[in-house]
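Biologist: I've got a new model on screen and I'd like to learn how to read it. Could you walk me through a few features?

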Amino acid sequence: MAPAIARARGPGPWALWAAVVLGLGTLLASIALAMAGDELVRPGLQALLFNWITIPYLISGTLAWWRRPESRLGPLMIAAAFVMALTALQWSSLPALHSLGNLLDMVPSAMFLHVFLAYPTGQLATRPRQVVVIAGYVNVAVLQLAKILLGSNPDSLLAITAQPAVASRIEQFQLIAMSALLLIGTALLLVRRPSPSRAQRRPVTLLVDTFGLALVMLALLYVAGLRGWPQIETVRHITFAALGLAPAAFLLGLLDARLARTDVGTLLMELRAHPTSDLREPLARALHDPSLTLAYWLPQYGTWADPDGRAVTLRGADAGRATRVIHRDHEPIIALEFDRSLEDERELLDAVAAAAGIALENNRLQVELRARLQELQGSRARVVDAEQKERQRLERNLHDGAQQRLVALALELGLLANSSTDSSETAARLLQAKREVAVSLDELRDVARGIHPAVLTGHGLAVALESLAVQAGVPVELDVAIDGRLPERVEVAAYYVVSESLTNIGKHAEATTASVRVTRSADAIVVAVVDNGIGGADTERGTGLRGLADRVEAVGGQLRIWSPAGHGTRLEAEFPCE
């Protein structure tokens with residue numbers, strides 16, 4: 001397994017109690033400030049929506065910090081909740097508290113933008129996100145202070161001059177710029193959103209959607225304030241509601257991850273019951289990630305392969321994906337490619353990897369075996385093709401070379417015998433030499449046909465089998481139910497199956513009849529040779545039938561033999577043929 005990764009220390013139990021106390025204090029203080037002020041419309045609703053944002057962010061941030069201490073997201077959410085709570089001070093009638101709340105009025109919008117774009121690690125991974133967040137903080141800090149100093153809020157202790165026209169222009173620019181930054185942040189979120197064409201974790205998609213909705217509503221709220229819409233309070237309420245959905249979706253994601261860790265026990269039982277089954281489905285269920293893919297490391301080939309043994313390349317951290325390589329004895333076994341949001345669930349990944357360790361090793365061996373089988377099948381096919389080409393070359397050389405010269409020699413001897421006037425003894429010897437040449441020519445033709453049947457190449461399997469049936473040692477019933485030509489390697493293998501079978505029948509079976517049938521289905525050719533002999537044929541004794549089996553299997557086929565003693569023999573060869 002991979003070496004353990006050092007974890008950052010999380011907050012102690014005090015942090016949870018502090019969150020409870022702070023949340024309760026925020027709740028009570030905001031309600032008190034809202035009810036005491038006389039400027040708020042429906043103060044009870046305002047306080048409710050305010051706490052709908054602050055308390056979930058506080059709780060979610062504390063849990064995130066506790067469960068994922070190495071991530072900065074938890075502290076960032078707590079800070080956003082704390083700053084949001086401080087903005088309620090602008091409802092106070094005390095000048096100092098009111099001034100502080102007014103100064104921080106727009107800072108939460110920049111912090112929400114920061115939280116959403118920094119999910120899930122708490123870090124801004126790309127330069128565009130960094131630029132947008134920095135610009136947001138500059139907007140809510142510098143421009144907010146500038147307009148306050150120029151008297152946009154006369155009640156603020158920070159106002160040093162009264163230039164409402166200039167302050168109004170700054171506020172307009174601030175709202176326009178912040179709205180644009182929020183919409184740009186939404187676009188950056190949509191770029192990350194999982195595409196519909198790829199199955200992804202539903203909590204991740206929901207979370208990204210709620211982030212985008214909150215940013216769009218914030219931008220709409222600022223546009224409503226800029227344009228002076230009469231429905232601005234309705235827009236404000238909807239915006240607060242949307243902002244509160246984000247931590248709720250985040251908590252749903254934490255719950256989903258927690259439930260996923262409870263599925264490891266189920267994974268253990270499943271892998272124990274089926275240790276060599278397909279690992280992708282049970283691992284995907286345990287990780288709650290239907291987009292999970294697996295790649296196995298094949299050390300003898302120096303490459304990764306999918307479960308079918310095909311070579312693959314790890315894609316890395318692109319398109320929202322992450323990769324976890326599991327090792328055993330310092331050697332990679334398997335790579336898991338999953339949704340990037342699972343990177344923070346290291347405990348879950350470690351548990352799944354530990355539970356599946358033995359099964360992963362077994363499956364890697366199975367993949368390696370299938371890869372070797374593919375290599376073996378390919379090499380056997382190449383050997384058969386090379387052998388067939390060499391047989392064709394030898395047959396052509398015999399036919400065009402030695403055979404032609406023997407024919408010419410026989411003709412020459414016949415002419416000499418007919419024209420000889422020396423003695424009858426010389427003529428008799430020449431005729432005897434002609435007969436010997438004719439016998440040698442017949443034997444040479446038999447050898448050439450054994451090396452490669454020229455009739456098969458020239459006229460096809462049906463005609464070639466007819467010639468075998470005519471020359472067989474027993475009467476043969478032939479039925480060839482195929483149309484057209486077959487692939488050459490299949491025709492040659494079928495021919496030799498019939499040839500060797502009829503030869504064995506004539507030599508060993510003591511049969512009186514035999515039958516040969518060739519049939520074709522949608523994707524296979526079946527050659528069946530049956531005799532009524534004594535049976536007892538065995539593929540393990542002798543090399544004839546074993547050689548036939550090797551030839552059939554080399555082209556992807558299968559040879560089956562039924563040969564009970566005293567009941568004849570049925571030999572059946574099936575060849576794949578699309």
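This is a predicted model: local features need pLDDT of at least 70, side-chain atom pairs count only at pLDDT 80 or more; totals for chains, interfaces and linings use all residues.

Biologist: Take Ser109, then: is Ser109 buried or exposed?

Modeller: Buried means under 20% relative accessible area, exposed over 50%, and partly exposed in between (1.4 Å probe, protein chains only). Ser109 has a relative accessible area of 3%, so Ser109 counts as buried. Ser109 belongs to helix H5, residues 107–118; helices here are DSSP runs (H or I, at least four residues), numbered from the N terminus.

Biologist: Which side chain makes a polar contact with Ser109?

Modeller: A polar contact is a pair of N or O atoms within 3.5 Å; within protein, one must be able to donate a hydrogen and the other to accept it, and residues adjacent in sequence count only if both atoms are side-chain atoms. The partner is Tyr222, with 3.2 Å between the two side chains. For plain contact (heavy atoms within 4.5 Å), leaving aside neighbours within four places in sequence, Ser109 meets Val140, Met178, Leu182, Leu218 and Tyr222.

Biologist: How many residues does the largest nonpolar core have?

Modeller: A nonpolar core is a set of buried Ala, Val, Leu, Ile, Met, Phe, Trp, Tyr and Cys residues joined through side-chain atoms within 4.5 Å. The largest one here has 57 residues, and those with the most contacts inside it include Phe112, Phe116, Met178 and Leu182. H5 gives the most to this core, nine residues. A second, separate core of 36 residues includes Val474, Leu486, Ile505 and Phe575.

Biologist: And how do I read a helix pair?

Modeller: Two packed helices are described by the angle between their axes and the distance between the axes. Axes are lines fitted to C-alpha atoms, for helices over the stretch in contact, with angles from 0 to 180 degrees between N-to-C directions. Helix H16 (residues 461–471) and helix H17 (residues 488–509) have axes that come within 10 Å and cross at roughly 10 degrees. That makes H16 roughly parallel to H17, a label for angles under 35 degrees.

Biologist: Which residues of H16 make the contact?

Modeller: On H16 they are Leu461, Ala464, Leu465, Leu468 and Ala469, and residues of H17 in the contact include Glu491 and Tyr495.

Terms used. Residues are numbered from 1 along each chain as its sequence is written. Side-chain values use heavy atoms; hydrogens and water are left out. Helices (H or I, at least four residues) and strands (E, at least two) are DSSP runs, numbered from the N terminus. Angles under 35 degrees count as roughly parallel, over 145 as roughly antiparallel, 65 to 115 as roughly perpendicular and the rest as oblique.
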